[in-house]
Amino acid sequence: MSQTDPNSTAARIRVLYVVGSGRSGSTIITNILDQYSGVVSPGELYYLWDRGLIANERCGCGKPLQSCELWHQIIEEALGTETDPLTMVRRRNITVRTRHIFNVLFGRKSQARHEFLDSVASVYRALADRTNATLIVDSSKVPVYGLALAKDPAFAVRFLHLVRDPRAVAYSWQRRKDRLVGEEPAFITQHSPYKSAMMWFGWNGIAQLLWGRSDKYLRVRYEDFTESPRETISLILRHAGIDETGPSAFTDATTVRLEPSHTVSGNPSRFATGSISIRRDDEWTVKLAWKSRVITVALTWPLLLWYRY
């Protein structure tokens, strides 16, 4: 067994952590990144414990998570039979939710957070080993979870901040979508324009304040990605320190070919495979009700202008 210190610079787990509001394009972008050599995008690992290990929802490959060969091996190697998922959910919920931001920023690491992050590190290391990846792209988006990872010496974290017009986000949250995680329909939670706008402003604002001036931070607008997808993915790979020397996921300037991924959780579009055309989605401009627009703009206008919307 290697005697390398797991917290040494050479052994630190390289993570590209996605922050921003939900419905901002993280699923398609991280699924594209997953196609590149040295990169693995396992979806929203924040939810591994409840949605994966307890609910046994479908992996991105289509199988229930615990029947997926990759995740079965990772869980057995990293956690064995001694780690209780319910205990991990409790440790997560009392240490790395948004309400804990000041404690994570300024307080001492509690025993619960220490134990939680130790198990998280074991899972990330097993995932990297099993997939021969040098970079894990975690699209959890929960800002305090990303902050906790960045402050832990086991991880070397860079941040990808994805931003989308809050009116498009509000429209997306109003649509009824099956999560496609089991035999029975399980619909994604729908949010009112008020709730959507508050989440958009809060999560983007926290990300901006915490990392906006850091050299480990890159902000990408979803609309810019849809205009120049291949160039945007190259920019993200360079930011993450990945040498784009292998085969490209793109078959032309706006089309990608996606192989199945092993995502834990996320938007149902994570199950999409084959040739995918990247195009601008402006359906909200004709279908979002005027009242929803007014509420969204009124609650988000400072950042809406800052991000040039």
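The second largest cavity of this predicted model is lined by Asn31, Gln35, Gly60, Leu258, Glu259, Pro260, Ser261, Arg270, Ala272 and Thr273, and its volume is about 40 Å³. A cavity is, on a 1 Å grid over the protein atoms alone, a set of points where a 1.4 Å probe fits but cannot get out, and lining residues have an atom within 4 Å of a point; grid points are joined across faces, edges and corners, and a volume is the space filled by probe spheres set on the points. The lining of the second largest cavity comprises three nonpolar, five polar and two charged residues, where Ala, Val, Leu, Ile, Met, Phe, Trp, Tyr, Cys and Pro count as nonpolar, Asp, Glu, Lys and Arg as charged, and the others, Gly among them, as polar. Residues are numbered from 1 along each chain as its sequence is written. Local features need pLDDT of at least 70 and side-chain atom pairs count only at pLDDT 80 or more, whereas totals for chains, interfaces and linings use all residues, and side-chain values use heavy atoms, with hydrogens and water left out.

Two cavities of 30 Å³ or more were counted. The largest cavity holds about 60 Å³ and has 13 lining residues, of which Thr27, Thr30, Gly43, Ser139 and Ser265 lie nearest its centre. Helix H1 contributes the most to this lining, with four residues, and strand E3 also supplies at least two; helices (H or I, at least four residues) and strands (E, at least two) are DSSP runs, numbered from the N terminus.

Pockets were defined as open sets of points with protein on both sides within 12 Å along at least five of seven lines. The largest pocket has a volume of about 1,400 Å³ and is lined by 47 residues, with Gly22, Arg23, Thr27, Trp173 and Asn267 nearest its centre. Elements giving two or more residues to this lining include helix H1 (26–33), strand E3 (135–141) and helix H9 (193–211), and by class the lining has 16 nonpolar, 16 polar and 15 charged residues.

The second largest pocket contains about 240 Å³ of space, and among its 13 lining residues Arg12, Ile13, Ala128, Asp129 and Ala133 lie nearest the centre. Helix H6 provides the largest share of this lining, three residues, and the lining divides into seven nonpolar, two polar and four charged residues.
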